Amino acid sequence: MAKAMVYTFLAIAFIIFFLSPSKRHDHHRMCLNRRLAHKVSFDPLVSRIERSTDDKGLSKSITYVPEVDDAQEYFQDDGVLNTTLRLMILFPLLDNAPKDGYISAKELEAWISQQTIDRLSYGTYKAMFWHDKDGDGAISFSEYLPQFSPKDIEKNSMAHGDAGWWMEQFKNADVDSSGNLDFNECKDFLHPEDSDNEEIQRWLLRDKMKRIDDDHDGKLNFSEFLLHVYNIYKSYADFENSPALTPTAEQMFAQLDTDKDKKLSVEELRPILRYLHPGELFYAKYFTRYLMREADDNKDGYLTLQEMLNHESIFYNSLYEDDDVYDDDDDDNDYHDDL
């Protein structure tokens, strides 16, 4: 089959060229690969077609969908998207700050981040449409999580996935304490990794801490940090900069340990929250760097249209993995799996 069209799957290149080879984190990188495949998009037309086919329960294979406006002109006679034409159409839209015939990393990241924001908003609108049973434009706890009875809520069990666990996060997202979530609050609830709500960020870290705090003292000692945190952080940090610039485990621990008690609290872990719980906007930044490294043939820090056409497959190539190949107990996906 010719090029598949929805979300760019960076798995093999990302693993081989940029990430640490530590076997302990192979599963973590598999999760990263799946998230990049499903959560990073470049072409808004492809995203609209994906949403349309998903809403109709159709195949993920991207072919022309008549209900999607302006789609037909971009498809060839064999039903395959003309990615060359799409890149030629999109290039001047990305090249805007300034409009100089080149796309900078800043312009590319702004574009991809906007596609990601649109994706998050669409998911939130869809969730509210399905769960707002009384049509008041907001979602109550019982509307979104009807499986919990009043007795479950009263019991207030804080075990992972129980009613009390969810209620705590619901209240964190309910900024105005109305008892219901409006659109922005619902988006924070559904996508906590991308939220700027400090209470939600702390909730994520407290939940993470419970899983990696081996001695159950409420903090991470250096051994726990090294075993459960540092290599995850290092994988991303090595990609952000030269590996030679990545702090050692000892240096990073000391940097985070602001009160110098040789242990890390939830608050002290907040500077690396995005590494421990990367959201879609975080991945958008990495996707940008990947595209720049792969497509910038002359390494001048800019992309020309010809360079993008030379590497059009990386903007549109997609591999669809069956979720069954991933373990169900992946910490990074527990929140969304429970939803």
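1. Overall content. The chain has 18 helices and four strands, where helices (H or I, at least four residues) and strands (E, at least two) are DSSP runs, numbered from the N terminus. Of the 339 residues in the chain, 50% are buried; buried means under 20% relative accessible area, exposed over 50%, and partly exposed in between, with a 1.4 Å probe and protein chains only. Among contacts with a separation of 6 or more, 65% are between residues 24 or more positions apart, a contact being heavy atoms within 4.5 Å.

2. Basis of the values. This is a predicted model, in which local features need pLDDT of at least 70 and side-chain atom pairs count only at pLDDT 80 or more, while totals for chains, interfaces and linings use all residues. Residues are numbered from 1 along each chain as its sequence is written, and side-chain values use heavy atoms, with hydrogens and water left out.

3. Confidence. pLDDT is the predictor's confidence in each residue, from 0 to 100. Its mean over the chain is 82, and 77% of the residues reach 70 or more. Over residues 1-38 the pLDDT is below 50, although this stretch has 105 contacts in the model beyond near neighbours in sequence. Residues 318-330 also stay under 50, with 23 contacts beyond four places in sequence. Where pLDDT is low, the predicted coordinates should not be read in detail.

4. Annotated segments. The unreviewed UniProt entry carries the annotation "domain: EF-hand" for residues 161-196, 205-235 and 244-279. UniProt positions are given in the numbering used here, feature names are shortened, and annotations may be inferred rather than shown by experiment. In the model, residues 205-235 are 71% helix and 0% strand, with end C-alpha atoms 19 Å apart.

5. Helix α10. E199 is found in helix α10, which covers residues 198-212. The expected span of a helix is 1.5 Å times one less than its number of residues. For the 15 residues of α10 this gives 21 Å, which agrees with the 21 Å between its end C-alpha atoms. The N-terminal end is capped by N197, with a side-chain oxygen 2.9 Å from the backbone nitrogen of E199. The buried residues of α10 include I200, W203, L204, L205, M209 and I212, and also the charged residues R202, D207 and K208.

6. E199 is partly exposed, at 38% relative accessibility. Its C-alpha atom is 9.4 Å from that of K171, 28 residues away in sequence. W203, also in α10, is buried, with a relative accessible area of 3%.

7. N221. This residue is found in the loop between α10 and α11 and is partly exposed, at 21% relative accessibility. Leaving out residues up to four places away in sequence, N221 touches D215, F253, K262 and K263. The side chains of N221 and D215 are joined by a polar contact of 3.5 Å; a polar contact is a pair of N or O atoms within 3.5 Å, where within protein one must be able to donate a hydrogen and the other to accept it, and residues adjacent in sequence count only if both atoms are side-chain atoms. N221 and D261 are 40 residues apart in sequence and 9.4 Å apart in space, C-alpha to C-alpha. At the start of α11, a side-chain oxygen of N221 comes within 3.1 Å of the backbone nitrogen of S223.

8. Helix α11. This helix runs over residues 222-240 and has 19 residues, but its end C-alpha atoms are only 24 Å apart, short of the 27 Å that a straight helix would reach. There is a kink of about 50° in α11, centred on V229; the bend at a residue is the angle between axes fitted to the seven residues ending there and the seven starting there. Of the 19 residues of α11, 14 are buried, so the helix is largely enclosed by the rest of the structure.

9. T288. Helix α15 (residues 280-295) contains T288, which is buried, with a relative accessible area of 2%. A polar atom of the T288 side chain lies 2.9 Å from the backbone oxygen of A284. Apart from neighbours within four places in sequence, T288 is in contact with A105, L108, E109 and I112.
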